[in-house]
Amino acid sequence: MDHSYFFELFLGGMTRGSIYALIALGYTMVYGIIKLINFAHGEIYMIGAFTALIVSSVLGFTGMNPILILAIASVLAIFFSSAYGTTMEKIAYKPLREAPRLSALISAIGMSMFLQNYVLLAQTPDFLPFPDMIPDFKFLQPINKILNSTQFVILVTTAIVMILLTILIKFTKIGKAMRATSQDAKMAQLLGININKVITVTFIIGSATAAIGGVLISSHTGQLNYYIGFIAGIKAFVAAVLGGIGSIPGAVLGSFVLGWTESFGTGYISSDYEDVFAFIFLIIILIFRPSGILGRKQNDKV
Amino acid sequence: MKKLAMILLVLFVAAGFIFAGGSKEKGPIKIGVAGPQSGDLASYGIPTAKAAQIVVDDVNKAGGVLGRKIELIVEDDVCKPEVATNIASKLVGDGVVGVIGHICSGATKAALGTYNESKIPVISPSATNPALTQSGEYPNFFRTIASDDAQARTEVDFALDKLGLTKIAVLHDKGDYGKGLAEFAKKFLEADSRATVVLFEGITPGAVDYSAVINKIKNSGAQAVIFGGYHPEASKIVSQMKKRKMDVVFISDDGVKDDTFIKVAGKYAEGVYASGPKDTSGNPAAQAAIKEYEDKFGDKPGPFYLNAVAATEALINAIKVAGSTDYDAVTKALRSSFVETPLGKIKFDKRGDALGVGFAMYHVENGKYVELK
């Protein structure tokens, strides 16, 4: 077996898994808190990428350092995506909080279509080039053939985001409130936790990670259009379900597993069946562990 | 009385036929135009009908052909094979001496049998299915557009003859167009001993990234990739390969020979090869034909317009050269005499494909596609 080929596929799958993870976090957190599958989440990722593109195109004229532009663009992308995310929650989900879950789901699908078409009309239906802002790092020269700078940035950024998120959820007050709400929203409310605030924060965090994912993947592929959120969103959703929806470590694990399945499946068998491998794996996992790899078993109270 | 009336009627009708038959040589030469005039694909058929009308009007204004005017009979086949066979019977019944059309390959194939039995030459401006000419079943069929496999042939010849490549990876986007092209390319490469296909893979359009496939290309040792598909995937693959510092030639098709590809792939697009229809915009006949359309109808001509002008001109020229509307004479003229059309100087080979119509290779140089001579 060719080791360097194996490592290339491994790192390629991990890069892809990182992007899925950044999006899947939003799915799984929102599901954990309000039991809603937010199908418009992929669009938040797309809006993040578009914001970064617009900001970096404008700043590109100033001749600033590309890394600085990328940083500013990412911050603004996070800001805009979070604003869209929370607004979406207020408009499309909050009024339906007491309604049957199916209504909120349909509302989410509607929101997804609305945002796609909004960007299609307000921006363009064409593919747009995304500027190359991640430079070639000198220290990566020796392993450049296996791992390039963009992939390196994706892996490092994802790791940092995961660590920050873990700290936030484990050790801060709002994190505690989120965990409490996820366990039992009514009880948390009785104990004086402001549920609305928790939900808003959840949407902000989910949208922010999705925006980071959007900026990173666009830098990686060098292009975007209004439709990129759809496929990425579906895949990230699959990853979240694979890992156990509602569980944050599960979403990350599920994303990496999905990324590796696709990468190795393509590398050693055939890319014709890339999606087939991903979904066969999902089906097998769901047969043996219906609530996902790290999902909690849900016992209905009688 | 009734019987007498009946006999008179029969005689009258029969006389009508005889009279009609007698006037056939004197009356207008009838040419059929068949293609979708309504329905989803009408936009593919209407420009052809208008093209035929423009050419015929010009010919009639100049006195017609062989001293006779030309009359067009336009029929709507909605691009459906079952309708196309009916249209074919109707046109045969109307006594056409040639047909411009049909537009869709499926409808064309369905109608060709009827025309072939009645010995009527058919020239399509748009039916690209390779089997229509290559099967040899339809000696009455001609076309002024290159067949689907001609593009793959152009790419493969270029890769082998001009670039001298020996190891080639063939990729496609699993779609009808991309996969069809890739399969032809693979077939042509395998038939040639100079090169081997080291990888044949389909990729998923719109996937988040293509690094796994790119690793696979690298691992296969391919010197070049021939890609069948459209520009969004092509630009992702090209830019990711270049970012990985891979020195692999990228050859693709007219789905990639689009300025959007250069816009999106940016500096990574440099050096990419793509095949596309030969550039005829510099041809004065093409410019004149387009201007005539714009003057007459006030908008831009639709798809296959120039091909349809060429088809009509070729048919009328063949009738002129043959000196009659006889099938054998006309088809012989189509195959032997060159005619000046918006697509350049063309005649047809023995299978019915237009010589001089086809694809050229383009190369991205300084952010522009440049035709390679």
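**Entry 1: the interface.** I began with the contact between the chains, which takes 26 residues from chain B and 32 residues from chain A. I call two residues in contact if their C-beta atoms, placed from the backbone, lie within 7 Å. The model is predicted: local features need pLDDT of at least 70, side-chain atom pairs count only at pLDDT 80 or more, and totals for chains, interfaces and linings use all residues. Residues are numbered from 1 along each chain as its sequence is written, with chains lettered from A and ligands numbered from 1 in the order in which they are written.

On the side of chain B that touches chain A, the elements giving two or more residues are β7, α8 (211–220), α9 (231–243) and α10 (259–265) of chain B. Helices (H or I, at least four residues) and strands (E, at least two) are DSSP runs, numbered from the N terminus. The largest share of that side, six residues, comes from α8(B). I sorted the residues of this side of chain B: seven are nonpolar, ten polar and nine charged. Here Ala, Val, Leu, Ile, Met, Phe, Trp, Tyr, Cys and Pro count as nonpolar, Asp, Glu, Lys and Arg as charged, and the others, Gly among them, as polar.

**Entry 2: chain B overall.** I found 13 helices and 15 strands in chain B. Its C-alpha atoms fill a box of roughly 95 × 40 × 35 Å along the principal axes. Of its 373 residues, 49% count as buried. Buried means 20 or more other C-beta atoms within 10 Å of the residue's own, exposed means 12 or fewer, and partly exposed is in between; C-beta atoms are placed from the backbone. An automatic or database domain assignment divides chain B into domain 1 (28–145 + 282–355) and domain 2 (149–271). Their C-alpha centres lie 35 Å apart.

Entry 3: I checked helix α6 (residues 148–162) of chain B for length. Its 15 residues should span 21 Å at 1.5 Å a residue, and its end C-alpha atoms are 22 Å apart, which agrees. The expected span is 1.5 Å times one less than the number of residues. Buried residues of α6(B) include Val156(B) and Phe158(B). Their cover includes β6 (167–172) and α7 (176–191) of chain B. Just after α6(B), Gly164(B) takes a positive phi of about 60°.

Next came α7(B), with 16 residues, reaching 22 Å from its first C-alpha to its last. Among its buried residues are Leu181(B), Phe184(B), Ala185(B) and Phe188(B). The buried residues of α7(B) fall within an arc of 160° seen down the axis, so they line one face of the helix. I take the arc from the directions from the helix axis to the C-beta atoms. On the other side, Asp176(B) and Ala191(B) are exposed. The buried residues pack against α6, β6, β7 (196–202) and β8 of chain B.

**Entry 4: cores.** The largest nonpolar core has 133 residues, and Ala24(A), Ala185(B) and Val225(B) have the most contacts inside it. A core is a set of buried Ala, Val, Leu, Ile, Met, Phe, Trp, Tyr and Cys residues joined through C-beta atoms within 7 Å.

**Entry 5: Ala210(A).** This residue lies in helix α8 (residues 195–221) of chain A. Ala210(A) is buried, with 36 other C-beta atoms within 10 Å. Its C-alpha is separated by 8.2 Å from that of Ile78(A), 132 residues apart along the chain.
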